[in-house]
Amino acid sequence: MRRVVRFDKTNMPLWIGMVMLITLILVTSLGPHFVTYDPLKVNMGERLEPVSEKHLLGTDQYGRDILSRMVHGAKYSLIVGVVSIGISTLLGSSFGIVAGYYSNTKFAGLIVWIADIAMAFPTIIIGVIIAMLFGPGLENTIMAIAVGFSPRFLRLARGVMLSIKEENYVVAARSLGMTDLRLFWAHLIPNVVSPIIIMATIWTSDAISLEVALSFLGLGVPPPTPSWGTILQDNLQFITIRPFSVIWPCIAVAWAIQSLNLIGDRFRDILDPKMR
Amino acid sequence: MEAEKVDRRLLCVKDLRTYFYTELGIVRAVDGISFSVGYGDTLGILGESGSGKSVTALSILRLIASPPGRIESGEIFFEGQNVMSLPIAQMKKIRGNRISMIFQEPIISLNPVLKTGEQVSEAIRLHQGLSRRRAWEASIEMLRMVGIPSPEKRVNDYPHQMSGGMCQRIMIAIAISCQPGLIIADEPTTALDVTIQAQILDLLQKLTRDTGTSILLISHNIGVLAEMVQEAIVMYCGKIMEYGTIEDILEHPCHPYTEDLLRSVPRLDQQLPRLNAIPGVVPSLLDLREGCRFSDRCKKSLEKCIREEPPLIELGSNHYTRCWLHE
């Protein structure tokens, strides 16, 4: 599955995406050490300051420096996005692979039916339901998003499994007399992981924007924790006088989503060995 | 076919029936086939699409998908053992090891995400228990034996980086890697262009002549069989229509189907206004009537042919035909 990745124009979107992602990761991890203001400290004397040398992105209605809140908040959005996709990849794909391999069983039929029903709910609604049942919070947001995306991974893994199960090379491999287990791990699984990795990368961006949406609604990371969604929520009421304070978190989210999409898109071309 | 002589041959198939149970009915893909292959011999199976040739091959290795297919009845003796009665674990020791198979479209018969070296090493590691490293070295040797240039480099390539002819050589390398007694070649050259066809056939012949490996060669191409086999069976709708040496089949065909097949091959030395196609279409295997299966398309059919199916009639030394004309 390793292909030579050329350092040239063809893969420019990939490089741009990776640069964007690396910048984001650096800002998220190192940024908090460099910003001087405490993101949580209320400072009513300096409310709603515009962009200045002192506050590079201004302050919000409680006098908190927006830049420092954005930098500290990045990790919540990113971690929620990545962890929830990680969980749903493992969970959804495992069930999907089993459902695809043993496709003639009642078990498989049941799983697919449950996944279809789960997919009928918009993920936001699932987030709302879980927030209502378990309350808002970081772990619950991760759980909500993971539950929301698992059916997609299940369907994906199952679909891939069903299509490769009857391919010629599988019959040819069987004719060599290997055990079913070996056939599974050496031949089927390597062909299943590529599509899953690609979609996991792309869906991570969806997960991040979902976290922002849930936090915006107050169902995700609870205030005063500075997730991008909560920053958006805080500043929304002042959009008429201070539009940029709403725009900054949007730019940040767009940056994260775009970087992941660019990478995921090129992954598709790179990991599919059939593309010459 | 004399019973005792036949039992001592390498492969002996007796009255094989493989049916597929579908929603539309039972498809009798192979409906009573018997043949044998001697040690070091090459047997050809000639027939058009749907005649049951590939199903026969898969049945020998018991690779028929079990819903919906089933090997209804029949015995298959390989090296004296009835493989139909073996537990699957034993069968897996035979596959790839004592009997191996080459498939029709080489590029898609190889795993696209594994390197060639890994795929060639696989059978060796499975059946000979070599370590990864030694199997890798052995696979480089195998690639050299099948005539792939720069095998040390090719061993790291992926199937899509190679041409069809090369991929077929890889498949042959995998097939011979454990020195099998029998190679089943299911249309090995059909997907390749003519010059490569010749090379692949030569390769197969060379490799098996040196080792005394038998080949069961399946093809719809009479020319391919004429080159390679000593005996051949002609299959139609799951039954054997004619069986004999390749010379008898080509020069003294005794079944109207065989005659029509031979006549349908276009020749460079003839000028014809139209090709000699066999009129009609192959009947659906779901809806077979009584009587000879070829009767509705046969130019020489008698009234008896429509009512009653002929048995295999012996014509002479090792030449049989399923036709009332030779009663």
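Two residues are in contact if their C-beta atoms, placed from the backbone, lie within 7 Å. The model is predicted; local features need pLDDT of at least 70 and side-chain atom pairs count only at pLDDT 80 or more, while totals for chains, interfaces and linings use all residues. Residues are numbered from 1 along each chain as its sequence is written, and chains are lettered from A and ligands numbered from 1 in the order in which they are written.

By the contact criterion, 20 residues of chain A touch 25 residues of chain B. On the chain A side, the elements giving two or more residues are α6 (168-174) and α7 (180-216); helices (H or I, at least four residues) and strands (E, at least two) are DSSP runs, numbered from the N terminus. The largest share, six residues, comes from α6(A). By class, this side has nine nonpolar, seven polar and four charged residues, where Ala, Val, Leu, Ile, Met, Phe, Trp, Tyr, Cys and Pro count as nonpolar, Asp, Glu, Lys and Arg as charged, and the others, Gly among them, as polar.

Chain A itself has nine helices and zero strands. Its C-alpha atoms fill a box of roughly 80 × 50 × 30 Å along the principal axes. Among its contacts between residues at least 6 apart in sequence, 70% join residues at least 24 apart.

Chain B contains a hairpin formed by β11(B) and β12(B), with two residues between the strands. Strands β11 (residues 313-316) and β12 (residues 319-321) of chain B pair in the antiparallel sense over three bridges; pairing requires that DSSP finds at least two bridges between two strands. E314(B) stands opposite Y320(B) of β12(B). In the turn, N318(B) has a positive phi of about 60 degrees.
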